[in-house]
Amino acid sequence: MQIKLKKEMLYVPDCVREERALASRGQRFKAAVIDTLLFFLPTAIIVAAYPKKEDIPQFVHFCLGLYLFAVMIVQGIFLVDRGQTVGKKMLHIQIVKRKDG
């Protein structure tokens, strides 16, 4: 038996909403660095391990491509579902609209 859950939007009056501090530029920068490292660190390691491009096995190319594709999918899901990237989630910050927080 499958149960389908429905996402419903709840209206929360302004007087009930809690005030949250916006993330600092430093926090947002750190999150961007983490997100960037997720993409480029594996590539940098492979380039360091195989100085000649011709020496890189096809399997390594395939695994790197699969990894980068998976990171893009996870980042996209996090952004759409939670308003966060992996770096923002690690630093406990979230993308919010300026008007309603």
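The model is predicted, so local features need pLDDT of at least 70 and side-chain atom pairs count only at pLDDT 80 or more, while totals for chains, interfaces and linings use all residues. Residues are numbered from 1 along each chain as its sequence is written, and side-chain values use heavy atoms, leaving out hydrogens and water.

**The whole chain.** Zoom out: the protein has three helices and zero strands, in the pattern α-α-α along the sequence. Helices (H or I, at least four residues) and strands (E, at least two) are DSSP runs, numbered from the N terminus. Of the 101 residues, 17% count as buried; buried means under 20% relative accessible area, exposed over 50%, and partly exposed in between (1.4 Å probe, protein chains only).

**Helix α1.** Select residues 25-49. The 25 residues of α1 reach 35 Å from first C-alpha to last, close to the 36 Å expected at 1.5 Å a residue; the expected span is 1.5 Å times one less than the number of residues. Ala31, Asp35 and Ile46 are the buried residues of α1, and their cover includes α2 (58-82) and α3 (86-90).

Next, select Phe29, Val33, Leu37, Leu41 and Ile45, which form a nonpolar surface patch with about 480 Å² of accessible area together. Such patches take residues with over 30% relative accessible area and no salt bridge, nonpolar side chains (Val, Leu, Ile, Met, Phe, Trp, Tyr) being joined within 5 Å and like charges within 9 Å. A salt bridge is a side-chain nitrogen of Lys or Arg within 4 Å of a carboxyl oxygen of Asp or Glu. Areas come from the Shrake-Rupley method with a 1.4 Å probe; for residues, only the protein chains shown count as cover. Ile45, in helix α1, is exposed at 54% relative accessible area.

**Helix α2.** Select its buried residues, Val60, Leu64, Val71, Gln75 and Phe78; α1 and α3 are included in what covers them. Just after α2, Gly83 takes a positive phi of about 70 degrees.

**Beyond α3.** Finish at His92, in the segment after α3. His92 has a positive phi of about 60 degrees although it is not a glycine. Most residues other than glycine have a negative phi. At 73% relative accessibility, His92 counts as exposed.

Note on methods
Contact means heavy atoms within 4.5 Å.
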